[in-house]
Amino acid sequence: MAKRNYTIDIIKALAIISVILIHGLSNATLYDILAPYYIWQTVPVFMILMGYNAANSFMRKGYENLPDILARHYLLNKAERILLPFGIIWLMQVLIQFFYFENRDIGELLLSFVEGGYGPGSYFIPLLIQATILIPFIYLILKKQPTKMMILLFFVSLLIDLASFWLNISGSLYRILIIRHLFSVTLGIWYALEKSTIKLKWLVIPAIASLAYITAVHYYNWELIVEEYWHSQHAPSYFYVLFIIMIGMKHLEVGKESLLEKFFILIGQASLHIYLTQMFYFWFLHERLPDFSGFMYLLMFLTIPIASGIGFYLLDGYLNRKVIKK
């Protein structure tokens, strides 16, 4: 069994805390603290790491073709890890919709499963499912000529994004499609394939170009020819995100020695479950709790999703070990 990379867990912990900050702080505050350069890049971080982890797993197991990958229950295992915890949160939301909000539209309630449930960030689960399906194909495309194919897929992803804009795809559909994150997944796979030879300095110029793009769309309201609502959540931004991840992978020394390290590692390992609990929290609980301000407000909206998410993760693990696996 491969040794777990705890640095990835720490990066995921920082990313999921950032997700909660995005949903808890006002846009004005986020802009004041320059969130477009770090906090608002959290979903690309998750997508890059998803591609990176999957590609490393494929290489470690010696998968050479699509039948190798799909014959090993890849899709089934991924679906179980994503859909089981999501299904629990979704069912709770549907029951609240039906009994508390008196929403009796069964078709809408069932459709919400495909749309990722309710609440801020609900698009993330559909993105994960689509990425799970596409990753084996992207991996095999990149495998023999990683850099050339990565560059090609950069332009392909841009063209697909442009096509969705020209075809005037509705915002509600676009938000749950992986179009804007095709290249972030691709970069993660490329990083895994080239990690033994890639040098950080190679990404300096692309990262600067990404920074310029992020600055232009967020602070100068540039209206480029791709979809505008998601601002920097498009292919031109992701070289900068990868650059930051690579710095973290190179310089974060994680030994799982201190309690703080162990705590952040646990948060990173529970990041999917925390994502789901924060989605539920901001959808239903946030406005129904006491109206705190300042530090107490910050503490409340961070503590409740993280604590409940960790508990949910530990319970899910226990049930998998003791009940489902039997």
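**Contact between helices H1 and H13.** In this predicted model, Tyr6, Asp9, Ile10, Lys12, Ala13, Leu14, Ile16 and Ile17 of H1 meet Glu261, Phe264, Ile265, Ile267, Gly268 and Gln269 of H13, where contact means heavy atoms within 4.5 Å. By class, nine nonpolar, two polar and three charged residues make up the contact of H1 with H13; Ala, Val, Leu, Ile, Met, Phe, Trp, Tyr, Cys and Pro count as nonpolar, Asp, Glu, Lys and Arg as charged, and the others, Gly among them, as polar. H1 spans residues 6-24 and H13 residues 259-269, and the two pack with axes 7 Å apart at an angle of about 75°. H1 is therefore roughly perpendicular to H13 (65 to 115 degrees; under 35 is roughly parallel, over 145 roughly antiparallel, the rest oblique). Axes are lines fitted to C-alpha atoms, for helices over the stretch in contact, and angles run from 0 to 180 degrees between N-to-C directions. Helices are DSSP runs (H or I, at least four residues), numbered from the N terminus.

Residues are numbered from 1 along each chain as its sequence is written. Because the model is predicted, local features need pLDDT of at least 70 and side-chain atom pairs count only at pLDDT 80 or more, while totals for chains, interfaces and linings use all residues; side-chain values use heavy atoms, without hydrogens and water.

**The pair Phe58 and Tyr74.** Rings of Phe, Tyr and Trp (its six-membered ring) pair if their centres lie within 6.5 Å; planes under 30 degrees apart count as stacked, over 60 as edge-to-face and the rest as tilted. The count by this rule is 29 aromatic pairs. One of them, Phe58 with Tyr74, is edge-to-face, at 5.4 Å centre to centre and 70° between the planes. Phe58 belongs to helix H3 (residues 42-60) and Tyr74 to helix H5 (residues 74-100), so the pair ties together parts 16 residues apart in sequence. Phe58 is buried at a relative accessible area of 2%, and Tyr74 is buried at 9% (buried: under 20% relative accessible area; exposed: over 50%; partly exposed: in between; 1.4 Å probe, protein chains only).

**The pair Tyr100 and Phe284.** The ring centres of Tyr100 and Phe284 are 5.3 Å apart and their planes stand at 85°, so this pair is edge-to-face. Tyr100 in helix H5 and Phe284 in helix H14 (residues 271-285) are 184 residues apart. Tyr100 is exposed, with 51% relative accessible area, whereas Phe284 is buried at 13%. Tyr100, Phe101, Tyr118, Phe280, Trp283 and Phe284 form one aromatic cluster.

**Arg180 over two rings.** The charged end of Arg180 sits over the ring of Trp230, 3.9 Å from its centre, and over the ring of Tyr123, 5.2 Å from its centre. A charge sits over a ring if NZ of Lys or CZ of Arg is within 6 Å of the ring centre and within 35 degrees of the ring normal.
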